Amino acid sequence: MARILSLLFYDLKAIWKDLMTMISIFAPILMALFFRFATPILDEAFFKGTTFPPSDQNLVIGLLLLLTTPVMLGMMSGFILLDEKDEGIAMSIAVTPFQLKGYLFYRLYLPMIISLLLAFPVLTIGGFTEIMTLRLLPFLLLIIVETPIIALLMASTAENKVEGLAIAKVISIILAIPIAIYFIDHPALMLAGILPPYWPIKGYLLTMNGWHLSGFLFLIIGILYHLLLFYYLMKRYERR
């Protein structure tokens, strides 16, 4: 516990000094504030008189905000892992009783917990409380797992922070998944299943009118896919 508190204190000091890290943490809240005030204006400008109802608009934006939090915190965690690998901090901790597993547990699970704690405040600030249902919970828990997966993907693939930045830009493509799933009704969209968030978001949309078999299937496949990816990326990081 003392080592975890020591790392936490070190992180808080680093976050206070690093503007980009601070922006990453508060970006979902800033986005929620933006959409709260911009949504009525965008609705008036682009969707007035169309068949796209405001409730659907709120659903898509709400899912986008839910996904943004773990993506941003996952990227932040990935950059910290890369930074500490460059500085030899990870290896220094690995030879202590805390060990590499304890270090990774802290680096991966703390951002995931923060993502979970931010999920409902972000929806509340954004005014998208209508999607905060009990049915959302299992899919939300799966979306939160994107945090350690993104962090491990960056840390196990990039050699340094510059490469990590390039990978982060590619990863940001997954933020388009809620929009693509809602607007594109074509079998080819199943190819997006290679991107982990596809499964919980599609599964949630399938259960909008109540639970049925397809929603359960998407949830179960999503859980298995996330576990497999997490295991693979964790082993890949440990080997490096």
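Student: What should I know before I start?

Tutor: The model is predicted, so local features need pLDDT of at least 70 and side-chain atom pairs count only at pLDDT 80 or more, while totals for chains, interfaces and linings use all residues. Residues are numbered from 1 along each chain as its sequence is written, and side-chain values use heavy atoms, with hydrogens and water left out.

Student: How many helices and strands does the protein chain have?

Tutor: Helices (H or I, at least four residues) and strands (E, at least two) are DSSP runs, numbered from the N terminus. Here the protein chain has 11 helices and 0 strands.

Student: What share of the residues in the protein chain is buried?

Tutor: Buried means under 20% relative accessible area, exposed over 50%, and partly exposed in between, with a 1.4 Å probe and protein chains only. Of the 240 residues in the protein chain, 43% are buried. Helix H7 is largely enclosed by the rest of the structure, because 10 of its 12 residues are buried; among them are Glu146, Pro148 and Met154.

Student: How does the length of helix H5 compare with what it should span?

Tutor: The expected span of a helix is 1.5 Å times one less than its number of residues. Helix H5 (residues 99–126) has 28 residues and should span 40 Å, which agrees with the 40 Å between its end C-alpha atoms. H7 reaches 16 Å from its first C-alpha to its last, close to the 16 Å expected.

Student: Where does H5 bend?

Tutor: The bend at a residue is the angle between axes fitted to the seven residues ending there and the seven starting there. H5 bends by about 35° at leucine 118, and proline 121 follows within four residues. Just after H5, glycine 127 takes a positive phi of about 80°.

Student: How many salt bridges does the structure hold?

Tutor: A salt bridge is a side-chain nitrogen of Lys or Arg within 4 Å of a carboxyl oxygen of Asp or Glu. The structure holds 2 salt bridges. In one of them, glutamate 84 pairs with arginine 107, with the closest N and O atoms 2.7 Å apart. That pair links distant parts of the chain, 23 residues apart: glutamate 84 lies in helix H3 (residues 54–86) and arginine 107 in helix H5. Both glutamate 84 and arginine 107 are buried.

Student: What about glutamate 238 and lysine 235?

Tutor: An α-helix has 3.6 residues a turn, so residues three or four places apart point the same way. Glutamate 238 and lysine 235 are separated by about one helical turn, because they are 3 residues apart in helix H11. Their side chains meet in a salt bridge at 3.8 Å, N to O. Glutamate 238 is partly exposed at 30% relative accessible area, and lysine 235 is partly exposed at 35%.

Student: Which residues are closest to the centre of the second largest pocket?

Tutor: Rolling a probe the size of a water molecule over the atoms shows where empty space is left. On a 1 Å grid over the protein atoms alone, a pocket is an open set of points where a 1.4 Å probe fits, with protein on both sides within 12 Å along at least five of seven lines, and lining residues have an atom within 4 Å of a point. Of its 16 lining residues, Leu153, Ile171, Ile174, Leu195 and Pro196 are the closest to its centre. H7 gives the most to the lining, with 4 residues.
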